[in-house]
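Look at the structure, then read the points below.

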Amino acid sequence: MSCDSRSTPQEQLRSDKVHPPVPPMPVINLGHLTLEPETRSRVVEDIANACHDLGYFQVINHGISQSVMDRAVEAASEFFKLPSETKQEFASDDIRRPVRYGTSSKDGTRPSRTFLKHYAHPLSEWMKYWPEKPPTYREDMGKFSAGVRRVALELMEAILEGLGLGKHYQHEEFENGLQLLQVNCYPKEPEGESAIGLAPHSDHGFLTILLASCPGLEVLDRSSDTWRVVQQPRHALHVHVGDCMEVLSNGRVKTAVHRAVLNHGEARISMASIHSFAMHEKVSVAKELVDEQDPEKYKESSFSDFLDYLMSNADKKRMSFLESLRT
Ligand code: OGA
Ligand code: NI
């Protein structure tokens with residue numbers, strides 16, 4: 001199981017310069033979405049602009065308590081500290097497994113990232129597959145997952161409204177959609193080296209909501225073609241849009257390319273929650289966003305089609321799944 005296209009060819013990224021975030025990272029106060037209509041409209045517009053101009057933003061006042069966030073990071077961190085044999089029980093090359101543990105390495109020896117990926121919605125269906133160690137894992141990760149899913153649905157409504165489709169557009173498909181939690185552990189950066197933990201890619205799905213224990217995420221700024229360091233204030237969640245959003249919006253919103261770098265001083269935990277339609281539900285361009293000037297730019301596909309594409313190794317041919325959908 002995997003969540004991302006992982007296939008933006010490195011050479012497409014002309015610059016490797018790292019800049020501080022300019023323009024400033026949009027910070028959306030989610031609590032304002034439930035205030036009077038004028039305030040909601042303003043926030044919907046802010047979200048629409050962030051999606052259109054950048055493809056990423058951050059949310060505060062999202063309703064997930066600091067203790068729920070801290071405990072989820074702690075549970076993840078405890079999981080990665082377990083003996084290798086315990087973690088290896090979840091190791092598999094089969095990307096359709098409900099829980100999958102693995103490591104990736106750039107030089108074949110030292111891991112640059114260790115991950116645990118599992119589905120999280122509906123919890124009653126998936127939690128029984130999750131690790132039982134550490135003993136807090138299921139409860140703490142379950143609370144965090146449920147909170148993040150609520151935030152994702154709220155954001156999706158606002159984004160659909162911003163696209164002029166109305167907040168209830170394809171409501172049932174989003175309600176019944178899947179959630180994939182990708183829990184990452186990055187080691188400390190080796191002395192004197194500058195290392196990438198996770199290569200540039202875009203995520204499949206509509207939205208990714210990310211919580212991390214410290215900085216390390218970088219997003220590609222499309223206008224300047226440079227990497228921007230993402231600073232995440234303690235209580236904020238980082239959000240970026242994925243391939244399905246680009247498809248549904250007929251390219252009005254572009255998927256966000258991002259990567260993770262290793263830190264000198266400390267290991268890093270991150271949790272990327274990916275939200276999409278159910279496994280076999282097709283995502284297609286919204287017909288309302290198609291006309292003679294703007295013909296349909298993408299073919300329809302499901303999450304299952306995406307997994308099939310990954311397994312067929314077609315992405316090794318340097319075409320991302322999203323590129324394969326272009327008409
Ligand atoms: C991912 C991802 C970024 C990070 O898991 O898809 O992009 O900072 N993670 O760990
Ligand atoms: Ni990603």
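Rings of Phe, Tyr and Trp (its six-membered ring) pair if their centres lie within 6.5 Å; planes under 30 degrees apart count as stacked, over 60 as edge-to-face and the rest as tilted. Ring pairs link Phe79, Phe80, Phe90, Tyr101, Trp130 and Tyr137 into a cluster. This is a predicted model, where local features need pLDDT of at least 70, side-chain atom pairs count only at pLDDT 80 or more, and totals for chains, interfaces and linings use all residues. Residues are numbered from 1 along each chain as its sequence is written, and side-chain values use heavy atoms, with hydrogens and water left out.

**Aromatic rings**
- The count comes to 13 aromatic pairs.
- Trp126 and Tyr129 form a tilted pair, because their ring centres are 6.0 Å apart and their planes are at 45°.
- Trp126 is buried (under 20% relative accessible area; exposed is over 50%, partly exposed in between; 1.4 Å probe, protein chains only), at 19% relative accessibility.
- Tyr129 is partly exposed, at 39%.
- Phe174 and Phe206 pair edge-to-face, with centres 4.9 Å apart and planes at 65°.
- Both Phe174 and Phe206 are buried.

**Charge over a ring**
- The charged end of Lys117 sits over the ring of Phe115, 4.5 Å from its centre.
- The rule asks for NZ of Lys or CZ of Arg within 6 Å of the ring centre and within 35 degrees of the ring normal.

**Cysteines**
- There are zero disulfides (pairs of cysteine sulfur atoms within 2.5 Å).
- For Cys51, the nearest cysteine sulfur is that of Cys244, 14 Å away.
- Cys51 is buried at 1% relative accessibility, and Cys244 is buried at 4%.

Definitions and conventions
Chains lettered and ligands numbered in written order.
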